[in-house]
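Subject: Structure handover

Dear colleague,

Here is the structure for you to take over. My notes on what was found in it follow below.

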Amino acid sequence: MTAPEYLAVLAAYNADMNRHVYDAAARLPPGAYTAERGAFFGSLAGTLNHLLAGDTIWLGRFAGFRPAWTALAGVRDLPQPGGLAHHFSNDLAALRAQRERLDAIITAWAPQVTAGDMTDTFEYCSQNGDTYRKNFGLVVTHFFNHQTHHRGQASTLLTQAGIDIGATDLIGWAPDIGPEPASQR
């Protein structure tokens with residue numbers, strides 16, 4: 001699997017799992033979505049706001065890294081968060097619309113990333129102004145892993161509220177490629 005194919009799979013998986021989380025959140029009883037649950041970002045609303053903030057920040061950094069990634073042009077038009085705990089809204093429909101917009105951008109961007117991009121050094125500034133130089137492939141891995149990590153927290157919060165979003169493992173989501181085991185090819 002090439003780098004663009006791999007990232008395209010991760011982007012599609014994340015978009016699908018995000019839909020599951022938002023669908024489940026829409027089934028919560030009144031008040032449960034914003035209820036303080038002792039999570040790192042307090043509530044499910046806080047967790048979903050954090051995911052949007054983190055993704056928006058990273059996509060903005062990525063947009064400045066490779067101007068050829070035309071799919072990221074729309075990131076410049078997005079409201080920019082003031083930090084990782086930025087609160088966009090408690091309105092689930094508004095957050096969902098923003099999530100869907102980001103997921104569409106990510107899905108369009110992923111196939112634009114080349115194997116060469118993945119081996120390059122990526123320099124960025126953190127929210128507090130510290131400069132870092134990291135392997136871009138590891139940064140992109142963090143970007144997708146960060147979504148998975150916090151979606152796991154969201155899944156727990158939903159489960160605590162009585163809503164099961166179902167299986168979320170990538171391996172269960174990945175399509176089977178055929179009956180012949182790889183070892184016999």
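On the surface, Met1, Tyr6, Val9 and Leu170 make up a nonpolar patch whose accessible area is about 390 Å² together. A patch here is made of residues with over 30% relative accessible area and no salt bridge, with like charges joined within 9 Å and nonpolar side chains (Val, Leu, Ile, Met, Phe, Trp, Tyr) within 5 Å. A salt bridge is a side-chain nitrogen of Lys or Arg within 4 Å of a carboxyl oxygen of Asp or Glu. Areas come from the Shrake-Rupley method with a 1.4 Å probe; for residues, only the protein chains shown count as cover.

The model is predicted: local features need pLDDT of at least 70 and side-chain atom pairs pLDDT 80 or more, while totals for chains, interfaces and linings use all residues. Residues are numbered from 1 along each chain as its sequence is written, and side-chain values use heavy atoms, leaving out hydrogens and water.

Leu170 belongs to helix 6 (residues 170-173); helices (H or I, at least four residues) are DSSP runs, numbered from the N terminus. Its relative accessible area is 34%, so Leu170 is partly exposed (buried is under 20%, exposed over 50%, partly exposed in between; 1.4 Å probe, protein chains only).

Aromatic rings are the next topic. The whole structure has 18 aromatic pairs, counted when ring centres of Phe, Tyr or Trp (its six-membered ring) lie within 6.5 Å; planes under 30 degrees apart are stacked, over 60 edge-to-face and the rest tilted. Phe62 and Trp109 are stacked, because their ring centres are 5.2 Å apart and their planes at 20°. Phe62 is in helix 2 (residues 44-65) and Trp109 in helix 3 (residues 92-109), so this pair ties together parts 47 residues apart in sequence. Phe62 is buried, at 0% relative accessibility, and Trp109 is buried at 0%.

Phe65 and Phe136 also form a stacked pair, with centres 5.0 Å apart and planes at 25°. Phe65 lies in helix 2 and Phe136 in helix 5 (residues 136-160), so the parts tied together are 71 residues apart in sequence. Phe65 is buried at 17% relative accessibility, and Phe136 is buried at 0%. Ring pairs link a cluster that includes Phe62, Trp109, Phe65 and Phe136.

Two arginines sit over ring faces: Arg61 over Trp58, 4.4 Å from the ring centre, and Arg66 over Phe65, at 4.1 Å. The criterion is NZ of Lys or CZ of Arg within 6 Å of the ring centre and within 35 degrees of the ring normal.

Regards

Technical notes
Helix = DSSP H or I, 4+ residues; strand = E, 2+ residues; numbered from the N terminus.
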